[in-house]
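Please keep the sequence and the structure in view while reading.

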Number of protein chains: 2
Amino acid sequence: MRILILGGDGYLGWPTAMHFAARGHEVWVVDNYLRRRMSLETSSEALLPSPNMQDRSALFEKLSGFQIRPIVGDLRSYEVMNSAFEQANPDAVIHYAEQPSAPYSMMGRDQARLTLQNNLDVTFNCIWAAIERNPGCHIITLATMGEYGTPNIDIEEGWIEISHRGRADRFLYPRAAGSLYHTTKILDTDLLWFYVRTYALQVTDLMQGPVYGLVTAESQASDQLLPNFHYDDIFGTVLNRFLVQAVVGAPLTVYGKGHQQRGYLNLVDTLRCVELAALTPPTAGELRIMNQFTEVFSVLALGEKVREAAADIGLEVKLEKIPNPRKEKEEHYYNPAHTGLTELGLKPTLLTQDRLVEMLRVVLRYSDRVDRRKIMPRVSWR
Amino acid sequence: MRILILGGDGYLGWPTAMHFAARGHEVWVVDNYLRRRMSLETSSEALLPSPNMQDRSALFEKLSGFQIRPIVGDLRSYEVMNSAFEQANPDAVIHYAEQPSAPYSMMGRDQARLTLQNNLDVTFNCIWAAIERNPGCHIITLATMGEYGTPNIDIEEGWIEISHRGRADRFLYPRAAGSLYHTTKILDTDLLWFYVRTYALQVTDLMQGPVYGLVTAESQASDQLLPNFHYDDIFGTVLNRFLVQAVVGAPLTVYGKGHQQRGYLNLVDTLRCVELAALTPPTAGELRIMNQFTEVFSVLALGEKVREAAADIGLEVKLEKIPNPRKEKEEHYYNPAHTGLTELGLKPTLLTQDRLVEMLRVVLRYSDRVDRRKIMPRVSWR
């Protein structure tokens, strides 16, 4: 297949590019290094410096023999989007090109505006490039489980049948997110759903939980091929932050009571989920939505797991509850469905003690690079 | 009260400004004449040329003694929004400043982009001006019944209690609109709801049906004070178009089967609804949603009413079904609630034969100005 990856420099975009290339697909990646600039501006750089896309692609080709074609450009410009579609003529477009940080989106007006405009403009351009150039291509968007929030009813996969006063109909599952970033993903879904049913586009919307992990099959050839790994309060996800805290002997910072439950998944499962989606496109006019996570944990349970795994390799770790910088429910019902991707063939990579130990050992190799000042929350919207 | 009206040059904005000013409120209006420019560019000018805001405000003050303070500027610029809030220091902001045409939003990529960016940016700036300058002010947004689409269950006023697998919760009523314009209103609602619950803003979202009518109490002093009245396919609403067609002896063009049902209201009721909302602000952190229409008609029934009223004054009128340029259901269930505004005190101005005749007589005075080329649909997204 011909695969165009928007946001190909990111934590997920880059390993996705290698994953598809290593399986013989023709891969193009587009990025404007927005996340690198935001990381610099917020003093939130990743654990390891990553070579730029050209250099990483060249190294990957040298080591694996597979090619990744990089395009540097801002996809908020339709000319850039159009040119990327023209070069790649994609069977599938994988859209990661969004400002991905909830805390960043809540820092202030300018950051909120950038998040809203960047995320909506890129999605809009992607939709229109598909309409104008390539209506048969399959758009795969990476959304978030955070769109649903924490309702008091079971969370279904994107859609819900509502019975009301003796009649029934099927609707997009209602959404209510906890940050502006997550809210822009709701707007993306609304926009996609309108254009899908109006112009018979083919879209898969993957509602992803927080991802953890660093190493994938393709990055084992060189640490220079590792994805950017964030452990900071702005771009880091919670389990990655816990791993770093455990390694440097800092307490694992649990926000609030720690009873917040979320559905998590390993980075390698993200790659497999996106691949499974690409291999089985939906029909024209279908917005297929799947919930992309493998296990539900509370933040506290996640911390306990890391503590136990760390003890296994002689690291003594404490949990520390700190005031929650986020506006979110700390006690809530949580029962989200997630059968769509396993039905397509996903075999979950569960968070076992062994896998945690393995991840801790990788992070240990870079423990001298950790800047502890970047860990504690610097943005609050409580 | 101190009232700031965003989009004060529009079909609804201008008569709203006069309505509040004539009741002793202090009124500021802001507009960048976007609708006038789009009308010119699409050859869709209003029936009557309107003086600009400065001239209309001066005339209104001369005739009534009440002041309207005009500000010319683009509210997509935060500086303009901030300065308007600074000058007006409003108790209530009434937000009409959106690209309001469904067909315009479906003409092509550029028009879609303008609609998306304009409508979202202005709403975003309005939210942030309230957060930063005036968190106690009441934001009243004019949304649309079109956000709901035509679901197979009763339409409630903005919210719905969903029972699902033995549990229940309250959600925003699910939305699925028929044009990009209507979809941007869904995005507005999502954005407002996020910021309302995060920063305890006070917002009323009025889900309005198609408005008809021309004359209001304040415009009777001079035809120069009439709102811009569109009968064209781009900016006109269906009943206003029928009135013009009846007057010039053109058939009333019914899109498709004409069984599409919508909730309609008279322009004078729009003014009263907005006034009632302003006089009874919601509490901090509340997104109050009310459905703003007074009667439900099918397009065919509306056409029949106009035909009968026209016959009363000797005009012979025919209905003509033409291919529907819109992608919408022509047979559907429709039972929307609308008790919120009557509970606040609205006494509906119903569409009687007498009122239709009265409107036909007003339009008759300007029948020589009608350009029949502007009536038939020029944009289709079927």
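A:Ala143 has A:Met207, in strand 8 of chain A, as its bridge partner. This is a predicted model, in which local features need pLDDT of at least 70 and side-chain atom pairs count only at pLDDT 80 or more, while totals for chains, interfaces and linings use all residues. Residues are numbered from 1 along each chain as its sequence is written, and chains are lettered from A and ligands numbered from 1 in the order in which they are written.

Strand 5 (residues 138-144) and strand 8 (residues 202-208) of chain A pair in the parallel sense over 7 bridges; two strands are said to pair if DSSP finds at least two bridges between them. Helices (H or I, at least four residues) and strands (E, at least two) are DSSP runs numbered from the N terminus. In chain A, 7 strands form an open sheet with parallel pairing, in the order 3-2-1-4-5-8-12. Strand 3 (68-72) and strand 12 (287-292) of chain A stand at the edges with a single partner strand each, so one side of each has no neighbour in the sheet. Neighbouring strands of this sheet are turned by 20° against each other on average, direction ignored, where axes are lines fitted to C-alpha atoms, for helices over the stretch in contact, and angles run from 0 to 180 degrees between N-to-C directions.

Helix 1 (residues 13-22) of chain A is mostly covered, with 9 of its 10 residues buried. A residue counts as buried if 20 or more other C-beta atoms, placed from the backbone, lie within 10 Å of its own, as exposed if 12 or fewer do, and as partly exposed in between. Among the buried residues of helix 1 of chain A are A:Trp14, A:Met18 and A:Phe20, and what covers the buried residues includes strand 1 (2-6), strand 2 (26-31) and helix 9 (267-279) of chain A. Helix 1 of chain A is followed by A:Gly24, whose phi is positive, near 90°.

A:Val196 is found in helix 7 (residues 180-199) of chain A, and A:Val196 is buried, with 21 other C-beta atoms within 10 Å. Leaving aside neighbours within four places in sequence, A:Val196 is in contact (C-beta atoms, placed from the backbone, within 7 Å) with A:Leu201, A:Val203, A:Gly285 and A:Leu287. The C-alpha atoms of A:Val196 and A:Glu286 are separated by 6.6 Å, although the two residues are 90 residues apart along the chain.

| Property of chain A | Value |
|---|---|
| Helices and strands | 12 helices and 14 strands |
| Span of the C-alpha trace along its principal axes | about 65 × 55 × 40 Å |
| Buried residues | 54% of the 382 residues |

How is chain B related to chain A? Chain B can be laid on chain A with an RMSD of 0.0 Å by a turn of 180° and a shift of 0.0 Å along the axis, the copies being superposed by least squares on the C-alpha atoms of residues with pLDDT of at least 70 in both. The two copies are thus related as by a two-fold rotation axis.

Where the chains meet, 31 residues of chain B are in contact with 31 residues of chain A. Helix 7 of chain B gives the most to the side of chain B that touches chain A, with 8 residues.

Technical notes:
Contact = placed C-beta atoms within 7 Å.
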